[in-house]
Amino acid sequence: MILTNCAACAAPLAHTAPRCVRCHTRYCNQTCQHDHWRRGHKQMCKKIHRGGNAEQYHADKKYKEAVAVAVEACADDTKGQTCYICTQALH
């Protein structure tokens, strides 16, 4: 997943856009980077870095959200039956 928008203002980014040195979160300019740091990026930066940097972290986050939605839909569709994808009896 390639991030194509500034993390601070959501403006479209050039391929050469500035990045956070630690986690590689992308910004349209240094003003947005400093603003985002003050608004909370400071607390998330290490977590994003440990998660494989910005693009991998956000891809994993989207994947987890999609799985949660799919599991809920599966539970609704197979109420009272056995789900052969997850092989669990659903009640």
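**Exercise 1. Work out which residues of α1 meet which residues of α2, and how the two helices are set against each other.**

Step 1: pick out the touching residues. From α1 come Met 44, Lys 47, Ile 48 and His 49, and they meet Asn 53, Ala 54 and Tyr 57 of α2. Contact here means heavy atoms within 4.5 Å, and helices are DSSP runs (H or I, at least four residues) numbered from the N terminus.

Step 2: sort them by class. You get 4 nonpolar, 2 polar and 1 charged residues. Ala, Val, Leu, Ile, Met, Phe, Trp, Tyr, Cys and Pro count as nonpolar, Asp, Glu, Lys and Arg as charged, and the others, Gly among them, as polar.

Step 3: check the geometry. The axes of α1 (residues 30-50) and α2 (residues 53-77) come within 8 Å and cross at roughly 85°. Axes are lines fitted to C-alpha atoms over the stretch in contact, with angles from 0 to 180 degrees between N-to-C directions. That makes α1 and α2 roughly perpendicular (65 to 115 degrees).

A word on the ground rules: this is a predicted model, where local features need pLDDT of at least 70 and side-chain atom pairs count only at pLDDT 80 or more, while totals for chains, interfaces and linings use all residues. Residues are numbered from 1 along each chain as its sequence is written, and side-chain values use heavy atoms, with hydrogens and water left out.

**Exercise 2. Find the residues that have a positive phi without being glycine, His 24 and Asn 53, and say where they lie.**

Step 1: recall the background. Most residues other than glycine have a negative phi.

Step 2: take His 24. Its phi is near 70°, it lies in the segment before α1, and at 32% relative accessible area His 24 is partly exposed.

Step 3: take Asn 53. Its phi is about 80°, its place is in helix α2, and its 21% relative accessibility counts as partly exposed.

Key:
Parallel < 35°, antiparallel > 145°, perpendicular 65-115°, else oblique. Buried < 20%, exposed > 50% of the residue type's maximum accessible area, 1.4 Å probe, protein only.
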